[in-house]
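This report goes through one protein model, part by part. Please look at the sequence and the structure before reading on.

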Amino acid sequence: MSAPTIQAYNYAYQNPPQADQDLYLTKRAGNYAFAGGSCSFWDTVTHADGTVAGVQGGLGNAGYRDYTNAMTVTMNIYGTSGLKSSGRVVLGGEPDYLPGPSGDVYYSNPQDALDIATFIRRLFDALPGTGLTPLNLDPASTVSQIVSYITSWTPYTRGQVNHWSSSCRIGSCVDRNTTVIGMKNLHVVDASIVAPLSVNPQMGVMIAAERAWELISALMG
């Protein structure tokens, strides 16, 4: 995303601007006191059956790959709560056998791509008069064209945020007391038991864990 009024900030940890370096070293303040500025925003997409998907956007402080001039920042778009796609954790090959997502994790259910494309189209509709210009996707793109773009493998699409959750959801793997279904004294309390959340899941997982502790304690008398 680019505009004449944007002033990007690229972090240079090996050779930071002297003023920013001094501000951090003397006061633990300034740009280097955090990982990067960001502006986050959310919306929802309601389906014909009444179900709702959450979507999120975020603006970073600099561009990415081919778009890194001083007037460009990165806008990241995510699907969050209410997503329907699912996959598996699989092991890679030799020599490390590193775990990673199976190929069907993203967009295995076409509704997710449609929801995210709808959100992007809404953002494009709001752009006239702002001075902001999308650089890697034509703002005149239809929802169908956006779906085609975001589901294709490019340096700018099909990215991921590693907030893994929801593999052992309440009601399907554990009951409301977090007891594994079919067991009597085995509980699961982590991100896997909650449905996808619309924001960073840390707080939601903490809330679920506190409530689970209360329920498990009650079971124990």
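Thr178 is buried, with a relative accessible area of 2%; buried means under 20% relative accessible area, exposed over 50%, and partly exposed in between (1.4 Å probe, protein chains only). Thr178 is found in the loop between H3 and H4. Its phi is positive, near 70°, in a residue other than glycine.

Ser166 also has its place in the loop between H3 and helix H4 (202–220). Ser166 is not a glycine either, yet has a positive phi of about 75°. With a relative accessible area of 12%, Ser166 is buried.

## Basis of the model

This is a predicted model, in which local features need pLDDT of at least 70 and side-chain atom pairs count only at pLDDT 80 or more, while totals for chains, interfaces and linings use all residues. Residues are numbered from 1 along each chain as its sequence is written, and side-chain values use heavy atoms, with hydrogens and water left out.

Helices (H or I, at least four residues) and strands (E, at least two) are DSSP runs, numbered from the N terminus.

## The disulfide

The structure holds one disulfide, a term for a pair of cysteine sulfur atoms within 2.5 Å. The partners are Cys168 and Cys173, with sulfur atoms 2.0 Å apart. The torsion about their S-S bond is about -70°, so the disulfide is left-handed.

Cys168 is buried at a relative accessible area of 8%, whereas Cys173, at 26%, is partly exposed.

## The sheet and the helices

Three strands make an open sheet in the order S1-S2-S3, with antiparallel pairing; two strands pair if DSSP finds at least two bridges between them. Strands S1 (39–46) and S3 (75–79) stand at the edges with a single partner strand each, so one side of each has no neighbour in the sheet. From one strand to the next the twist averages 20°. S1 is joined to strand S2 (residues 52–59) by eight bridges, and Phe41 stands opposite Gly57 in S2.

Helix H2 (residues 110–125) lies across S1, S2 and S3 and runs at about 120° to S1. Such axes are lines fitted to C-alpha atoms, for helices over the stretch in contact, and angles run from 0 to 180 degrees between N-to-C directions. In helix H3 (residues 143–150), Ile146, Tyr149 and Ile150 are buried. Seen down the axis of H3, the buried residues fall within an arc of 85°, so they line one face of the helix; the arc is that of the directions from the helix axis to the C-beta atoms. H2 is included in what covers the buried residues of H3, where contact means heavy atoms within 4.5 Å.

## Aromatic pairs

The structure holds eight aromatic pairs. Rings of Phe, Tyr and Trp (its six-membered ring) pair if their centres lie within 6.5 Å; planes under 30 degrees apart count as stacked, over 60 as edge-to-face and the rest as tilted. Tyr9 and Tyr11 form an edge-to-face pair, 5.2 Å centre to centre with 75° between the planes.

The rings of Tyr13 and Tyr32 have centres 5.4 Å apart and planes at 90°, so this pair is edge-to-face. The pair links distant parts of the chain, 19 residues apart: Tyr13 is in the segment before helix H1 (18–27), and Tyr32 is in the loop between H1 and S1. Tyr13 is exposed at 55% relative accessibility, whereas Tyr32 is buried at 13%. Tyr9, Tyr11, Tyr13 and Tyr32 form one aromatic cluster.

## A cis peptide bond

The peptide bond from Glu94 to Pro95 is cis, with omega near 5°. Pro95 lies in the loop between strand S4 (89–91) and strand S5 (99–101).
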